[in-house]
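Keep your viewer at hand as you read.

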Amino acid sequence: MRNIVKIARVEAFLYNPGTAKNLLFVRIETDSGLHGWGESYVSGKKEKVVDGYLQSIAPLIVGRDVFHLRHLGQVLLDDFAIRRSSVDFLAAWSAIEIASWDIIGKAAGLPVHKLLGGAVREKIRVYANGWWFGAKGVDETVSRAVEVVRQGYDAIKWDPIPGPWRNFISRADENEAVAHVKAMREAVGPNVELLVDGHRRLAPVHAIRLAERFAEYDIGWYEEPCPPDNIDLTAQVKRSTHIPIVVGEAIYTKEGFLPVFQKQAADIINPDICAVGGLSAMLDIATLAAPHAVGVSPHNFNSPIVGLAATVQLSALITNFTIAELFVNLIEPTRPITAQGLNIEAGWVDLPTTPGLGIDLDREELLKRPYAELPGKNLRHYWEEFPRKGAVSAQPFTLPA
C-alpha cells in the first residue's frame, strides 16, 4: 500500500521582476521532504488579490495527501469558494495543483508528462510576446520586432490597436492598426507569423472591418477580437473571415468553453494553465476541444520558469497543440531566481526529462525581490473615451538602414 505523502507547508512568494507585473509563486513541501513549485496567473495591480486567496487556502490543505488532486480541487470549489468561482480563486488553485504535480513526478521519479501517457512531441514551439511592452509608437514597436526575429523567433504577438481599450473606435484608430500590421509585415518578411491580439475589446463592426484589412498582410491569427461574455459576437467575426480566430484567455472553466465549441466561435483556444485550475483542468479543456477540431495554444503570461514548465508539460501531452506563449521580456529578470531552468532556443523549448516539472527556484533569491508597485496603465478619464479629439492616422513606416 502506498504511503500517504502529506502537505506539510505552503509558502507563497510575490517576486518583483522590475517589469510587467509581480510574479506569484507557490512552494509546497511535504512531510517526506519533497517540494514542488507552482505559479498563479496574476495581473498588474491585482497580484495581492490572488495572494490573499493562497494565504486563506494554505491552512486548509496542510495535512492532505498530495496525490488526491481531483478531490482537493473539487472540495475547495464546493466548500471554500461555495461554488462561486472566479479567476482569482482558480489562479490560486492552479499554483497549488501545479506544485502538487511537481511533487508527484519527483515521488515517482518521472517527468510529469510520462505520468500522464507520455509525450507526443519532443520540443515545444513558442511565440514571443512581451517584447513590445512600453514601446512608443509604430517605429519603435517594429524595430523591437525585428530584433526578436533576429533571435530566432518566427512567430510574434502584439496588439497593434491604439489604446485605451474600448468597444468603439475611430476610423483613424482602425487606420493606425492597419498601418502597424503593414509596417510589421514589411519589416519582418513573409515567413514570420504575425499574431494579432485584440484583447477582447472591439464591437463586431470594427473587428470585422479590421479582419478584412488585415487579411492582405497574411496574419497568423486574430486573437480575442470581441468581449468574451457574449461569445456570439466572436462567432460573428469568425464567420466573416478566413483568418484563424483565437478565444479563451478570459475563459476559465470547461463550462465556459462549451459554448465556444457549440457556436463554432474559435479555430484555436488559448486557456492559461496558471488560471484555469492547473494541468488537470487544461487536459479536460483540450480533450473537450478535440472533437470540434479546435487547436490549443496555451496562454502563458507567467514566468519562463514555473508557468512555462507547466505549459510545456501540457503541450507535450495534447494532440491538438499548436504553439505556446512565451513572454521574452521576463527571461532576463527571472534568471537570478532560476536554480534549474528550461532550455529555450530560437522559438523552441526542450521537453524536460528530469522528475516533476523539470525546474527549481532559488528560495533565498526570491526573498530578495519582494512585491513592489510597478508602472502600469491607470484608469482612463472620460475625456479619453471614443471619440478622441484630434486622433490622426499613423504615418507610413520606413525601417531604418
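Predicted model: local features only at pLDDT ≥ 70, side-chain atom pairs only at ≥ 80, totals over all residues.

Two strands pair here if DSSP finds at least two bridges between them.

**The hairpin of β2 and β3**

Strand β2 (residues 23-30) and β3 run antiparallel, and six bridges join them. Across the pair, F25 stands opposite E39 in β3. Four residues lie between the strands of this hairpin, where G33 takes a positive phi near 100°.

How many residues of strand β3 are buried? Six of the six in residues 35-40 are, so the strand is largely enclosed by the rest of the structure. In a regular strand, side chains alternate between the two faces of the sheet. For β3, both faces are covered: one side has H35, W37 and E39, the other has G36, G38 and S40, and all are buried.

**The nonpolar cores**

The largest nonpolar core has 125 residues, and W131, F214, Y222 and I269 are those with the most contacts inside it. The most is given to this core by α3, with 13 residues. Apart from it lies another core of seven residues, including A155, L195, W221 and V246.

Leaving out residues up to four places away in sequence, I269 touches V247, F257, V260, F261, I285, A289, V294, G295, V296 and S297.

**A pocket and a cavity**

The second largest pocket holds about 510 Å³ of space. It is lined by 21 residues, and the closest to its centre are Q74, L77, L90, K254 and A281. Elements giving two or more residues to this lining are α2 (69-80), α3 (87-108), α9 (254-262) and α10 (279-289). Among the contributors, α2 has the largest share, five residues.

What about enclosed space? There is one cavity of 30 Å³ or more. The residues that line the largest cavity are I98, W101, V112, I273, L279, A310, Q313 and L357. At least two of the lining residues come from each of α3 and α11 (306-317).

Here are the two spaces, with volumes and lining classes:

| Space | Volume | Nonpolar | Polar | Charged |
|---|---|---|---|---|
| Largest cavity | about 30 Å³ | seven residues | one residue | no residues |

How values were computed: Residues numbered from 1 in each chain as written. Heavy atoms only, no water. 1 Å grid on protein atoms, 1.4 Å probe; cavity = no way out; pocket = protein on both sides within 12 Å on 5 of 7 lines; lining within 4 Å. Points joined across faces, edges and corners; volume = space filled by probe spheres on them. Nonpolar A, V, L, I, M, F, W, Y, C, P; charged D, E, K, R; others polar. Buried < 20%, exposed > 50% of the residue type's maximum accessible area, 1.4 Å probe, protein only. Core = buried A, V, L, I, M, F, W, Y, C linked by side-chain atoms within 4.5 Å. Contact = heavy atoms within 4.5 Å.
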